[in-house]
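Biologist: I've got the file open and want to go through it with you. Let's start with a loop residue and work our way in.

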Amino acid sequence: MQKKIMIMPSLLAGDFGNLEASARKAEACGGDALHMDIMDAHFVPNLSMGPDVVRMARRCLGIPLNVHLMMTHPHLYVRAFIEAGASTLLIHVEAQCDIRATLRQIRDLGAAPGLAINPETPVSALFPWLDEINEVLFMTVHPGFGGQEFMGEVVPSIAGLCRRLDGPGGARFQALDIAVDGGINLRTVEAAAAAGANAFVAGNALYTARDMARDAALMRSGAAAAFGRDVFPAA
Ligand code: DX5
Ligand code: ZN
């Protein structure tokens, strides 16, 4: 199946003195969705933003909001983030909650459920939930901070998920979006796309670009060219 290549600027790398302008910039520069990182200072050693920032973005933007909950107990906040305007709500497969019940609650409340997975977690941890989700988000850094180096060792996990989707009974999962998050730039995007990722979260690479629209377009064309092709993992 032909998948849509999606570029998702990450607001974490925006200007916290003017988050509205940074959110608007993501859409103006051709972003397909705005990625928003929610941290609880427990699942990850950092704090970031809450539902009010999601509400602000929903008010300003026409594109979907891809909301990534880096939280130990995400189920307690599902309703708040969906009411604030999350389009896709991602919980971590490592979270301490009833994963199936939480994914179903997200769908019942009208958002698209997704699962994020940390670099060390075996990709097979995702397999029981593939029927419940619209998106997988592979962390290609240890979550918690922007501006880290892409971890090439996650690339085999992406390929492992794609093999599962191409294997017996996998046809029903073909519409699943496969996203990568962390250290994505014009170089690393190719390794991720070649392994089968079709959605790309990029914070620093886009927000520090001299011309964000130009680099978002280059990221999209680089990903499209590499998607499904053999590219060696970035060093
Ligand atoms: C990291 C976050 C990322 C972050 C990516 O914990 O989940 O979404 O914003 O930032 P860059 O692209 O700068 O690595
Ligand atoms: Zn993220």
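Modeller: Okay: R187 counts as partly exposed, at 47% relative accessibility (buried means under 20% relative accessible area, exposed over 50%, and partly exposed in between, with a 1.4 Å probe and protein chains only). This is a predicted model, where local features need pLDDT of at least 70, side-chain atom pairs count only at pLDDT 80 or more, and totals for chains, interfaces and linings use all residues. Residues are numbered from 1 along each chain as its sequence is written, chains are lettered from A and ligands numbered from 1 in the order in which they are written, and side-chain values use heavy atoms, with hydrogens and water left out.

Biologist: Fine. Where is R187 placed?

Modeller: R187 sits in the loop between β7 and α6 (helices are DSSP runs of H or I with at least four residues, strands are runs of E with at least two, and both are numbered from the N terminus).

Biologist: On to the metal. What coordinates the zinc ion (ligand 2)?

Modeller: H35 (NE2), D37 (OD), H68 (ND1) and D181 (OD) do, at 2.0 to 2.3 Å. Donors here are N, O and S atoms within 2.8 Å of the metal (3.2 Å for Na, K and Ca), and water is not among the atoms, so sites may look incomplete.

Biologist: Which geometry does the site have?

Modeller: The site of the zinc ion (ligand 2) is octahedral, with angles of 69 to 168 degrees among its 6 donor atoms. For that label, six donors need opposite ones over 155 degrees apart and all others between 65 and 115. Along the chain, the donors follow the spacing H-x1-D-x30-H-x112-D. D37 lies in strand β2 (residues 34–39) and H68 in strand β3 (residues 65–70), so this pair ties together parts that are 31 residues apart in sequence.

Biologist: How about burial for D37 and H68, buried or exposed?

Modeller: Both D37 and H68 are buried. H35, in strand β2, is buried too, with a relative accessible area of 0%.

Biologist: Let's switch to the strands. Why is β6 largely enclosed?

Modeller: Because 5 of the 5 residues of strand β6 (residues 135–139) are buried, the rest of the structure largely encloses it. E135, L137 and M139 cover one side, V136 and F138 the other. In a regular strand the side chains alternate between the two faces of the sheet.

Biologist: Which strands pair with β6?

Modeller: Strand β5 (residues 112–117) pairs with β6 in the parallel sense over 4 bridges, and I117 stands opposite F138. Strand β7 (residues 177–181) runs parallel to β6 and is joined to it by 5 bridges, with E135 opposite D177. Pairing takes at least two DSSP bridges.

Biologist: What do β6, helix α5 and β7 make together?

Modeller: With helix α5 (residues 155–166), β6 and β7 make a right-handed β-α-β unit: with the strands pointing away from the viewer, the path from the first strand over the helix to the second runs clockwise.

Biologist: Last one. Which residue has a positive phi although it is not a glycine?

Modeller: A41, at about 60 degrees. Most residues other than glycine have a negative phi. A41 is in the loop between β2 and α2 (51–60) and is partly exposed, with a relative accessible area of 45%.

Terms used. Four donors count as tetrahedral if all angles lie between 85 and 135 degrees; four count as square planar and six as octahedral if opposite donors are over 155 degrees apart and all others between 65 and 115; anything else is irregular.
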